[in-house]
Amino acid sequence: MAEESSRDRTVVVSAPGKVLLAGGYIVLDRKHTGLVFGLSARIHVLAQKIRTSEGVHLSEIVVQSPQFLNATWRYGYHLVENGGGIRVTQLQSGTPVEPNHFVETTLNYVLTYIAEVDKSQASHGFTPASLLVLADNDYYSKPKHHHAGDRPSSSSSAEEPYLPPATPLSDPGPQTHHHHHPPPHHHQDQPEEVKPARPRFRHFGTTLGDAHKTGLGSSAAIVTALTAAMLSHYLPPSVFDLATPEGKRVLHNLAQVAHCSAQGKIGSGFDVASAVYGSCLYRRFSPALLGALPGLGEEGFAVALAALVNDDDADGADGRKWDCEIRKDQVGLPAGVAIRMCDVDCGTQTVGMVKKVHEWRDANADLAARAYEGLQAKVDELARVLKEGKVGEVGGVMRPVRELMRTLGRDCGVPIEPESQEAMLNELEKVEGVLGCVVPGAGGYDAAAMVMRDDVETEKRVRGFLRQWSMKHGIHVRLMKVRGETEGVRKEAAGDFKLWIS
Ligand SMILES: Nc1ncnc2c1ncn2[C@@H]1O[C@H](COP(=O)(O)OP(=O)(O)OP(=O)(O)O)[C@@H](O)[C@H]1O
Ligand SMILES: C[C@@](O)(CCOP(=O)(O)O)CC(=O)O
């Protein structure tokens, strides 16, 4: 008799966002490493079987992001000849829905992999499934409620939008009473009694394309959580078990391949690694690893993908082709210290910045090698002082990280720490209890990261500073709820998501 699969139960998986505290750009080179922390902000994916009563297409897979307008993606799928894998096709009905490239690519790769490792899936067809995506609120800036002359402090007290009414797959109803975490801290600038309860998963009131992302790595988190949820839903535990090191290894490899493909192979993969493993010192895999994989739909894609993901035809010295290093033992945070972030509501296009840095590096090899080595020394030092709890030394390491990144930016002609961010961080650094701050990752206008004392007084001072800074500069900077956290992907209790389960 067939082993019990998870297909009849709801599987919920979550994966964390990331903050690359130090090591941006250099981590793209295998010679170097980056210090990445996972975040408390997670993307959750609920995988459920679709009950086929209401004329639902038999081979449909539906992905929904109920926090956004027009965000239901329905897919059919077909087997491509000559082992080219499984390709999904977005089905349109009614209002046209913008394609979701990351979701679609993930479905292609994951269904191809599943059909290859469990042949019965390919022959019987995949049971129709619903995949519901719920992102913690900090992934996107708050929706604006006032347009012309938007004043910084007023929008945060505006009424929270509810989720839209019944969708074809679930009717979660208003979310205001569904607190999973403890209630959020009170904003200093608002009297407690007028603050409406905050929905755990708010509706952003826009399409996904119009949402302002804060730079927490939503694509890596969704690709990872979606991959894990689908593997857990369709495969029996003897073939895939997220709780085992082997399960995490397969998930990591498959999510990296899918994410790289969707992204156009430009990233180091630190964001997927931290979505799977949480905080770590990360060394990337050799880019050549993916070079040999045929494209989706090309002859032999399915077999090659499964071999690459399982890493079972390994010829490397240690028996594995995947040569990335994920060092969790070298990363930690001192007690009483937190990593927090402030959103400047702008967001950054990383791709163009990486291109320019690489052009400069290629034209200035010696200079670049020295700059990269200088940064690497600071990455290691920062990891060490945080791990060893040397609280007093944090600032003395983070300041040079900023200086070196600014120099790199100037040399390359890239605004890694733009002037407006520089000015703000210079002042933020002086706030009592703030140990150090940086523009994380590629820099630019993504949310800034701080290492600060984890106490109410410091938080008050930081909020006060950001409020004043916002007013003075006519911008909206806010302290986000999100914190650095060490844990990676995990299964969640389905009972905590009852409102979402149909
Ligand atoms: N809640 C969501 N539901 C469905 N798809 C999502 C969701 N959030 C993100 N995505 C997918 O991820 C894409 C955004 O990826 P992108 O790499 O631009 O952002 P990011 O990973 O948050 O960026 P960064 O690395 O700067 O943090 C979206 O276009 C969409 O395909
Ligand atoms: C520039 C880079 O090193 C870091 C990008 O980080 P982020 O997406 O800005 O957090 C690119 C990468 O490592 O993929």
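I began at a strand pair: L79 stands opposite I86 in β5. I note that this is a predicted model, where local features need pLDDT of at least 70, side-chain atom pairs count only at pLDDT 80 or more, and totals for chains, interfaces and linings use all residues. Residues are numbered from 1 along each chain as its sequence is written, while chains are lettered from A and ligands numbered from 1 in the order in which they are written.

**Strands**

I looked up the terms. Strands (E, at least two residues) and helices (H or I, at least four) are DSSP runs, numbered from the N terminus. Two strands pair if DSSP finds at least two bridges between them. Seven bridges join β4 to β5 (residues 85–91), and the two run antiparallel. Four residues lie between the strands of this hairpin, and N82 takes a positive phi near 60° there. I then checked β3 (residues 61–64). Four bridges join β3 to β4 (residues 72–80), again antiparallel. Q64 stands opposite T72 in this pair.

**Whole chain**

I counted 12 helices and 13 strands in the protein chain. Of its 502 residues, 43% count as buried (20 or more other C-beta atoms within 10 Å of the residue's own, with C-beta atoms placed from the backbone). I also looked at contacts (C-beta atoms, placed from the backbone, within 7 Å). Among those between residues at least 6 apart in sequence, 75% join residues at least 24 apart.

**Helix α1 and its partners**

How do α1 and α4 cross? The axes of α1 (residues 101–117) and α4 (residues 245–263) come within 9 Å and cross at roughly 140°. Axes are lines fitted to C-alpha atoms over the stretch in contact, and angles run from 0 to 180 degrees between N-to-C directions. On the α4 side, the contact is made by L254, V257, A258, S261 and A262. The α1 side includes F102, Y109 and Y113. I sorted the contact residues: eight are nonpolar, four polar and none charged. Ala, Val, Leu, Ile, Met, Phe, Trp, Tyr, Cys and Pro count as nonpolar, Asp, Glu, Lys and Arg as charged, and the others, Gly among them, as polar.

Next I took α3 (residues 218–234). α1 and α3 pack at an angle of about 30°, with axes 10 Å apart. They are therefore roughly parallel. F102, V103, T106, V110 and I114 in α1 meet α3 residues including I222, L226 and M230.

Definitions and conventions
A residue is buried if 20 or more other C-beta atoms lie within 10 Å of its own, exposed if 12 or fewer, and partly exposed in between; C-beta atoms are placed from the backbone. Two residues are in contact if their C-beta atoms, placed from the backbone, lie within 7 Å. Angles under 35 degrees count as roughly parallel, over 145 as roughly antiparallel, 65 to 115 as roughly perpendicular and the rest as oblique.
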